[in-house]
Amino acid sequence: MTQTRIFSAPGKAFLAGGYLVLDASYEAFVVALSSRMHAATSVQKANDTTTITVKSPQFKEGEWSFNIDLTQFKQNKASLKEKDGRRNPFVESTISTILSYLQPIENYTITITIFSDSGYHSQVNSVPKSSTNKLRTFQYHSAPITEVSKTGLGSSAGLVTSLTIALLSCYDSKLDIKDEPTLLKVHNLAQVAHCLAQGKVGSGFDVATATFGSIVYRRFNPSLINDLSAIEDNTKFSEALVKLVDETNWKITHNKCCLPSGIKLLMGDIVGGSETPKLVSKVLAWRKAEPEKSLELWTNLNNANMSLVSVLQNLQALSKENPERYQLLLKYLNNNSAIEIDQAASEKKLEFSEVEDVIVAIRTIRKYLKQMTVATGAEIEPDEQTELLDATESLTGCLGGVVPGAGGYDAICILVGEESVKKIAESTKGQEKFKSVKWLDLEEQAEGIVEEDPKDFEGLI
Ligand SMILES: Nc1ncnc2c1ncn2[C@@H]1O[C@H](COP(=O)(O)OP(=O)(O)OP(=O)(O)O)[C@@H](O)[C@H]1O
Ligand SMILES: C[C@@](O)(CCOP(=O)(O)O)CC(=O)O
């Protein structure tokens, strides 16, 4: 019997808490996006051997197939050999982590087909293809996945997370993603697989967002995964993995937190790019060399980050408690720029102080990120981005914006009134100041992993 289930996981925009999130003393706010990674399953019983094939038909040579001898995984960490010698470290790591964890006895022929929304990659040299009911359209590229430019939404985390849940569902037909412990299990397994594939333990914010959606996140202790990967006796790997996934409190925070209704995130891809590991190593080196100064800066920046979270939560609460006043507030936002609102505040003519609170929180985050840039020498908010973000404060309906995540020349994220999204995209088009920006066609979609309707993918699989 062939069974088809489809799961999807979102990409991310890291709004507040880059660098600080590497230390479990601090929390970060990450927004889940409407660009999602989907994994569709097909599973059949087999007799003598297990075959797992992962297809990613939007990319040239996007197929990785493994014939697997299950006895290798009995209590073991085993490596996989792709039948044509093709490599995809994230696919390999996810399959081997799941098999080490489950240690299945019965053989299956499993095919997982991956569909990735267009926000994850540059769409140059690609053509669209839609499902029969036209509800889904994906871009098909002429190059292999490794040669297509990424936009920074966390494609590997989306891949690993959606593949993890898809594979687990092949071995458990009753798997229900709405069940909290199941979601946590998927998170833990995906974090392990992602770190092992990367060969390093990051903060894990991208996998956590892919799993849980828009969240305030606090990381796990890196030793959880470092200890696992340091196990030399392979026969002890499965036992340690099961303990880590099922019996260990990772002490992460993943509190749901999303943008208030009527306020949208707009992400601008910037011509250029930055290498996150280089920025991170500069920042960490300075933090080590200047413990006192960095503590002061980290504390100030963290207060600003948490204040943004809290003013956004206040707005969300207001939208529910007093919808009429909230509608007026949104109207005020959509008719004014951050600079105008700020001016009104200084003249004591402010109509909605809650809007000014968001503007101030964003500016304060930027002030400390700029201090971090100057102190560490890492180009987190370089001058070009400062000019750009300053310019967004003059756009009607815009609350201002930040360089997301590690910053640099990758992207900017701005917060805008919903009514102003189109106007801002149009009015910045011809402007010299915004010539390096390409607004991405995406928005916040706060849900983490969801199960999709297979009908929407007919004609594509
Ligand atoms: N749609 C996909 N199909 C198959 N593999 C994918 C897909 N998307 C991502 N991958 C895997 O993830 C790798 C990219 O991971 P990498 O860690 O380099 O980027 P990333 O940090 O996740 O990127 P970004 O945050 O910019 O999206 C690809 O080379 C491939 O191995
Ligand atoms: C700098 C860092 O805190 C965030 C990197 O975020 P992004 O990949 O730039 O969205 C690194 C990490 O958390 O792993």
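## Ligand 1: polar contacts

A polar backbone atom of Gly152 sits 3.1 Å from an oxygen atom of ligand 1. This is a polar contact, meaning a pair of N or O atoms within 3.5 Å; within protein, one must be able to donate a hydrogen and the other to accept it, and residues adjacent in sequence count only if both atoms are side-chain atoms. Gly154 also contacts an oxygen atom of ligand 1, through a backbone N or O atom at 2.9 Å. Lys150 uses a polar side-chain atom, 2.9 Å from an oxygen atom of the ligand. On its own, ligand 1 exposes 650 Å², and the protein buries 83% of that. Accessible areas come from the Shrake-Rupley method with a 1.4 Å probe; for residues, only the protein chains shown count as cover.

The model is predicted: local features need pLDDT of at least 70, side-chain atom pairs count only at pLDDT 80 or more, and totals for chains, interfaces and linings use all residues. Residues are numbered from 1 along each chain as its sequence is written, chains are lettered from A and ligands numbered from 1 in the order in which they are written, and side-chain values use heavy atoms, with hydrogens and water left out.

## Ligand 1: the shell

The shell around ligand 1 holds 17 residues, and Ser56, Asn88, Gly154, Ser155 and Ser156 are the closest. A residue belongs to the surroundings if one of its heavy atoms lies within 4 Å. Helix α2 supplies the largest share, three residues. By class, the shell has eight nonpolar, eight polar and one charged residues. Here Ala, Val, Leu, Ile, Met, Phe, Trp, Tyr, Cys and Pro count as nonpolar, Asp, Glu, Lys and Arg as charged, and the others, Gly among them, as polar.

Which residues surround ligand 2? They are Lys12, Phe14, Gly18, Tyr19, Val21, Leu22, Ser203, Phe205, Val280, Gly405 and Ala406. Seven are nonpolar, three polar and one charged. Domain 1 (6-256 + 447-457) and domain 2 (263-439) both give residues to this shell, so ligand 2 lies between them. The domain bounds come from an automatic or database domain assignment.

Three contacts involve oxygen atoms of ligand 2. Lys12 places a polar side-chain atom at 2.6 Å. Ser203 has a side-chain N or O atom at 2.6 Å. Tyr19 contributes a backbone N or O atom at 2.9 Å. Taken alone, ligand 2 exposes 380 Å², of which the protein buries 83%.

## The nonpolar core

The largest nonpolar core has 138 residues. Such a core is a set of buried Ala, Val, Leu, Ile, Met, Phe, Trp, Tyr and Cys residues joined through side-chain atoms within 4.5 Å. Phe29, Ile95, Ile112, Leu265, Met267, Met372 and Leu415 touch the most other members. Helix α8 (residues 291-321) gives the most to this core, with 10 residues. Domain 1 and domain 2 each provide at least three residues.

## Two glutamines

Gln316 lies in helix α8. Is Gln316 buried or exposed? Gln316 is buried, with a relative accessible area of 17%. Buried means under 20% relative accessible area, exposed over 50%, partly exposed in between (1.4 Å probe, protein chains only). The side chain of Gln316 reaches the backbone nitrogen of Ser261 at 3.2 Å.

Gln371 lies in helix α11 (residues 353-376). Helices (H or I, at least four residues) and strands (E, at least two) are DSSP runs, numbered from the N terminus. Gln371 is partly exposed, at 38% relative accessibility. Gln371 and Leu297 are 74 residues apart in sequence, yet their C-alpha atoms are 7.9 Å apart.
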